[in-house]
Amino acid sequence: MEGRLPDPGDALAGTDLFGDLEPEVRQRVIAAAVPRTYRKGQLLFVENDPGESLIVLKRGAVMAFRTAPTGERAVLTVVRPPGHIGELSLLDGGARSLSAEAIEDTQALALSRASFIDLVHANPRILDAVMRSLGNLIRRLTEQNTDHVFLDLPGRVAKTLVRLAGDTQAPMVTIELNQSQLAEMAGGARQSVNPTIGSFASRGWLRTEGRRIVVTDLAALRRRAGMPDR
């Protein structure tokens, strides 16, 4: 459903694609975009939908996933502000290659493909940002494939939690993700992931609070995932 976003002038300032543009250019982008709001659990789009728009997040969080013929889901990533989703379809004009679901109440801007192409023609350096974004996507998918080969399930769960925690230096990080969603991201069944979460909790690395996970020892999770300490 559509809604109004407060303070739209700041909506694109921190994004990879538009953050380096002059403020007046960003204002033209905002004027061409459509404000949207999504309730927690609402689908933004599904696989094979027409790739009609780029979604830039203002608030909330969106989970990108693929669905198998059996109905099982594989979560590829979680996008948070000032992130964006849907750029691949904008570039090739093809159908959506994945589905996206709001996992928190979310506010966003939807920029149509036509407006995006016009913007690229007027500002060719946006293509550099687009190429970086696609490169990051390919690297992430390659790393996920490698993780499924070389990491056991607890290692993948630990690495998923580290990724979701982001670059924070805070001693505790709250992740708004239930254990079923975490299992989808780690590539395991919930009944297998639950004992792993219990094991991590018994070691003091995290605790669960309803439909959220509070990470209390990010360094320990990084070590379990085989990631370098910071």
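Predicted model: local features only at pLDDT ≥ 70, side-chain atom pairs only at ≥ 80, totals over all residues.

The dialogue below treats the sheet, then a helix pair, then the salt bridges.

Student: What is the order of the strands in the open sheet?

Tutor: Strands of a sheet pair through backbone hydrogen bonds, either parallel or antiparallel. Here the four strands are ordered β2-β7-β4-β5, with antiparallel pairing. Strands are DSSP runs of E with at least two residues, and helices are runs of H or I with at least four, numbered from the N terminus; two strands pair if DSSP finds at least two bridges between them. The edges are β2 (43–45) and β5, each of which pairs on one side only. On average, neighbouring strands are turned by 30° against each other, direction ignored; axes are lines fitted to C-alpha atoms, for helices over the stretch in contact, and angles run from 0 to 180 degrees between N-to-C directions.

Student: How many bridges join β4 and β5?

Tutor: Strand β4 (residues 62–67) pairs with β5 over six bridges, in the antiparallel sense. Threonine 67 faces arginine 73 in β5, and methionine 63 faces valine 78 in β5. The two strands form a hairpin with five residues between them, and glycine 71 in the turn has a positive phi of about 95°. β4 also pairs with β7 (residues 99–102), again in the antiparallel sense, over four bridges; there, methionine 63 has glutamate 101 as its bridge partner.

Student: At what angle do the axes of α4 and α5 cross?

Tutor: Two packed helices are described by the angle between their axes and the distance between the axes. The axes of α4 and α5 come within 10 Å and cross at roughly 155°. That makes α4 roughly antiparallel to α5, since angles over 145 degrees count as roughly antiparallel, under 35 as roughly parallel, 65 to 115 as roughly perpendicular and the rest as oblique.

Student: Which residues meet between α4 and α5?

Tutor: Glu143, Gln144, Asp147 and His148 in α4 meet Arg156, Lys159 and Arg163 in α5, where contact means heavy atoms within 4.5 Å. By class, this contact has no nonpolar, two polar and five charged residues. Asp, Glu, Lys and Arg count as charged, Ala, Val, Leu, Ile, Met, Phe, Trp, Tyr, Cys and Pro as nonpolar, and the others, Gly among them, as polar.

Student: How many salt bridges are found in the whole structure?

Tutor: Side chains of opposite charge can pair when their charged atoms come close. The search finds eleven salt bridges, each a side-chain nitrogen of Lys or Arg within 4 Å of a carboxyl oxygen of Asp or Glu. One of them joins aspartate 147 and lysine 159 at 3.1 Å, N to O. Aspartate 147 lies in helix α4 (residues 126–150) and lysine 159 in helix α5 (residues 153–165), so the pair ties together parts twelve residues apart in sequence. A salt-bridge network links Glu143, Asp147, Lys159 and Arg163.

Student: Are aspartate 147 and lysine 159 buried or exposed?

Tutor: Aspartate 147 and lysine 159 are both buried, where buried means under 20% relative accessible area, exposed over 50%, and partly exposed in between (1.4 Å probe, protein chains only).

Notes
Residues numbered from 1 in each chain as written. Heavy atoms only, no water.
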